[in-house]
Amino acid sequence: MKVTVGLYGEPGASKVNKTGGWRSNRPIFKHERCTGCKSCVTVCPDAVVYAVDKKVFETDLDYCKGCGICAQECPVGDIIMVPEAQQHA
Amino acid sequence: MRKVVEGSAAVSEAVKLCRVQVISAYPITPQTHIVQNLSQMVANGELKAEYIRVESEHSAASAALGASAVGARAYTASSSQGILLMAEVLFNIAGLRLPVVMTCANRAVSSPINIWNDQQDSYSVRDAGWIQLHAEDNQEAVDLHLQAYRIAEHTRVELPVMVCMDGFVLTHSYEPVDLPDQATVDEFLPAWKATRILDPKNPKTFGMYSEEGYSETRYAIEKAMLNAKDVIEGVSAEFEHSFGRHSGGLLRGYRMDDAEIVLMATGSIIGLLKSVADDMRAKGKKVGVLKLVSFRPFPGEELAKALKGIKKVAVFEKAVSLGAPAILASELRSALYAAKNRPEISSFVVGLGGKDISEQTIHRAVEMASAGYVAQHYMELDEEFLRDLAAAR
Amino acid sequence: MEKIENMEKHALMAGHRACAGCGEALGARLAIDAIGENVIIANNTGCLEVFGTKWPESAWTVPWIHSLFENAAAVASGIEAGLKVMGKGEGIQVVAQGGDGSTADIGFGAMSGMLERGHDILYLCFDNEAYMNTGIQRSGLTPFDARTSTSPPGKESWGNDTMKKDLPAIVAAHGAYVSVASAGYPYDLQAKVKRAMKVKGPKYIQVHVPCPLGWGFASNLTLEMGRLAVQSGLYPLYDIENGQIVRVKAVPKRVPVEAYLKPQTRYAHLFKSPAGAEQLKRIQAIADANAAKFGLGPVEVAESA
């Protein structure tokens, strides 16, 4: 275990904490009307929306907390929120 | 160079010689002369340091913390209420293992408000994780500052150091003091090579919250305190080698060899105790004096060794722990608890709020301790005043 | 896990423990990203400090220090001085940051000292309008009539009975550069940070950061709430430069305050009675006064919120 005097921390070590388990809802990126505005990337409080291509965006489900901000803010309604439970139907 | 200077001036000269890089300054009697002198040195270009005129002692300690966290040698000074106000920062600096050095010009604490000397302030923060060293006189005050950064920055320690000197008694009195030259100090105290710093080129996160590892991290400070005992002795020995005089160390005995009773204390009262001891020796009473320099770490083992075979100890202290026996006496009793044939340890509280301590006071205390065990006694309290207070509503 | 390695690096990375939809996490990331990597941050205790630094899982990728609740401004002062004396400060922006509680209340003195001494430090105040980390207690920036856990409404009370402390004006009185931004307007926030960076000397940015849990709204409405606060006139966005209010964000068609207040459970008690409606009028008066002071614009003839 890496420990320093004074118990300092390494940058970005939070990546081991997979907050995806928090979700009740998950975003579905429909890739139908996307204009590539990158609002979804900008507004995610956890910085987990990322570009696959210029007009194709996804979220990292390991960390996505399902807050729904990306879906709310998408100017063309290309992201919808669905219950997490549905995914496991 | 030997000069007659005010204690504060001697200390500020010592701090300058340490090439401190950031000074955070807030006024409080009786340390203020120190930071004032330093401001003049900076203004004159004699000391290349950043001087931050902070808006409270809490910020004085916090700014020193910040400067230390980027690898700069940081210094501040305080007393009394200032020490208490910055108390949480003191714990924080020690926990973050930053080698800040601070002068505590020992002064009484409110209430009632009192600007004069006693040691309640530094004793009250003894749990914070700071090394606390007490100066007997102005020479030792100078020397302890020069040693303090060596001790604090030592890789086996990495703890902040508080150099305690009695307010007014030392800070405002003029004594002949030897102030070393910069070259000798530079050789004794090289620049600090900090290894854990805030740096965009190598980012780290300082001051995280932890459940895991909290106890262990606190214990690590305890280990560092134990290491500090060797380091304090080692640095004192090196100091003697470089500067030609003994100063500092954990403790120092005076005429203890065949002593029947040993007088023990921290700080400038040692001078008075030595003088009384000499008087009493001249009259045939075998009295010795034990100066405790390092109050934290408390050198229990070393004290036990020094007091081996001693029948009686009279502990004098300018502090109290209200609701419990006096602090230095309690810590000594505790350290010697397991010793075989431990001495009888009597406790005397003296000099609170600058109350004068005369030779007669010491004589009386020695008489009392010689006659039998004194659990605790506050010396020289005015009986009439006490009667009036008892009747007061 | 591989994905996050390939993702863009941000000042604040995923894996942090902020609530879903946290306005402060968003605001902080946007602000520090706008500064870049050459930054050293001193952070007061609070949500912002706690959610990203459970040892050893630090979410911060820039140098960052947390000391105590009230002293980030003083720690930052020491950092700036230390860098200066060692000749290492070139191009590094020192930041002191904290929530409204640590800035307006317990850390007020330290911030004031930092500002008046003229340090080249950016102070970021993330205003979610209460001590959220400890469970939504009232702070000096809690708005009038808001419910908090120490200003609950009841028979004798309508909630918090004081106005928001006008921190931007107080900071400006120190001669510092001031900017008021909102997580509801992310690009404006980043532009404001970039503009502030050009100022040499003390600068202060107050960022309104809606809090789903503390204010009582669904987690997807964080930016919407931020926008409504501005659009209602209750949280005007502007800069103060050389003591003058400039670059006010125009709100040509202000919405009635109800549009902003009704979706938040912290104001629910105002919507239950005629007496509550009287309180709403008082809050509308605050918005109207802001509109007059900042030149925001008239209230749009109301459709009900």
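This is a predicted model: local features need pLDDT of at least 70, side-chain atom pairs count only at pLDDT 80 or more; totals for chains, interfaces and linings use all residues.
Residues are numbered from 1 along each chain as its sequence is written, chains are lettered from A and ligands numbered from 1 in the order in which they are written, and side-chain values use heavy atoms, with hydrogens and water left out.

Chain A contains three helices and four strands, where helices (H or I, at least four residues) and strands (E, at least two) are DSSP runs numbered from the N terminus. Read from the N terminus, the order of the elements in chain A is β-α-β-β-α-β-α. The radius of gyration of chain A is 16 Å, whereas a compact globule of 89 residues would have a value near 12 Å; the radius is taken over C-alpha atoms, and the globule rule is 2.2 Å times the number of residues to the power 0.38. Along the principal axes, the C-alpha atoms of chain A fill a box of roughly 50 × 30 × 20 Å. Of the 89 residues in chain A, 49% are buried (under 20% relative accessible area, with exposed meaning over 50% and partly exposed in between; 1.4 Å probe, protein chains only). Contacts (heavy atoms within 4.5 Å) in chain A between residues at least 6 apart in sequence join residues at least 24 apart in 66% of cases. Chain A exposes about 4300 Å², 52% of which is supplied by carbon and sulfur atoms; accessible areas come from the Shrake-Rupley method with a 1.4 Å probe, and for residues only the protein chains shown count as cover.

The size of an interface is often given as the accessible area lost when the parts come together. Here, buried area is the accessible area (1.4 Å probe) that two parts lose on being put together, summed over both. Between chain A and chain C, about 3000 Å² is buried, with 58% on carbon and sulfur atoms. S14(A), T42(A) and P45(A) supply 18% of the area that chain A buries against chain C, more than any other three residues. This contact involves 37 residues of chain A and 38 residues of chain C. Chain B and chain C bury about 2900 Å² between them, and carbon and sulfur atoms give 66% of that area. P200(B), M208(B) and Y209(B) supply 22% of the area that chain B buries against chain C, more than any other three residues. The contact takes in 38 residues from chain B and 41 residues from chain C. In helix α4 (residues 72-85) of chain C, G82(C) is buried at a relative accessible area of 0%. Not counting residues up to four places away in sequence, G82(C) touches V22(B), V70(B) and A72(B).

Over all chains, 13 aromatic pairs are counted. Rings of Phe, Tyr and Trp (its six-membered ring) pair if their centres lie within 6.5 Å; planes under 30 degrees apart count as stacked, over 60 as edge-to-face and the rest as tilted. Y123(B) and F295(B) form a stacked pair, because their ring centres are 4.2 Å apart and their planes are at 5°. This pair links distant parts of chain B, 172 residues apart: Y123(B) lies in helix α6 (residues 120-124) and F295(B) in strand β13 (residues 294-296). Y123(B) is buried at 0% relative accessibility, and F295(B) is buried with a relative accessible area of 0%. The rings of F295(B) and F298(B) have centres 6.1 Å apart and planes at 90°, so this pair is edge-to-face. F298(B) is buried, as is F295(B).

A charge sits over a ring if NZ of Lys or CZ of Arg is within 6 Å of the ring centre and within 35 degrees of the ring normal. The charged end of R296(B) sits over the ring of F295(B), at 4.9 Å from its centre. R150(B) lies over the face of F188(B), 4.9 Å from the ring centre.

Helix α5 (residues 87-95) of chain B is mostly covered, with seven of its nine residues buried. Among them are L90(B) and I93(B). The buried residues of α5(B) pack against α3 (57-69), α4 (80-85), β5 (101-106), β7 (161-166) and α9 (214-243) of chain B.
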